[in-house]
Amino acid sequence: MYYLCPMSWALHGMLTSQYGDVNKEISAFEEKKTIAKFLEDYYGFHHDFLGVVGVVLIVIPIVIAILFAYCIGNLN
């Protein structure tokens with residue numbers, strides 16, 4: 001169900017596009033990691049996956065609109 005939720009894709013895209021390539025070290029859970037490595041380890045967000053996220057965020061509204069049009073057409 002996680003992959004069907006548009007909000008999860010939007011968060012994935014926003015976080016990886018803004019912070020996915022930042023190599024500044026932070027201290028998280030008493031470990032020193034880069035921000036990009038923290039996103040990969042803790043959330044599972046990969047910066048290389050950003051193209052797929054963009055395609056999914058474009059396809060989801062199109063699929064919902066097609067389903068809506070189909071269901072409204074068959075309602076009568």
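**Exercises around helix α2**

The buried residues of α2 pack against α1 (6-19), β1 (25-28) and β2. This is a predicted model, where local features need pLDDT of at least 70, side-chain atom pairs count only at pLDDT 80 or more, and totals for chains, interfaces and linings use all residues. Numbering runs from 1 along each chain as its sequence is written, and side-chain values use heavy atoms, leaving out hydrogens and water.

**Exercise 1.** Work out which residues of helix α2 are buried, and how they sit around the axis.

*Solution.* Start with the span: α2 covers residues 35-43 (helices are DSSP runs of H or I, at least four residues; strands are runs of E, at least two; both numbered from the N terminus). Next, pick out I35, A36, F38 and L39, which are buried (under 20% relative accessible area, with a 1.4 Å probe and protein chains only). They cover an arc of only 160° around the axis, so they share the same side of α2 (the arc is that of the directions from the helix axis to the C-beta atoms). Finally, step just past the helix: G44 has a positive phi of about 80°.

**Exercise 2.** Decide whether K33 is buried or exposed, then find its partners.

*Solution.* First, locate K33 in strand β2 (residues 31-34). Its relative accessibility is 19%, so K33 counts as buried. Now list what K33 touches, skipping residues up to four places away in sequence: K24, E25, I26, F38 and D41 (contact means heavy atoms within 4.5 Å). Of these, F38 is also one of the buried residues of α2.

How values were computed. Buried < 20%, exposed > 50% of the residue type's maximum accessible area, 1.4 Å probe, protein only.
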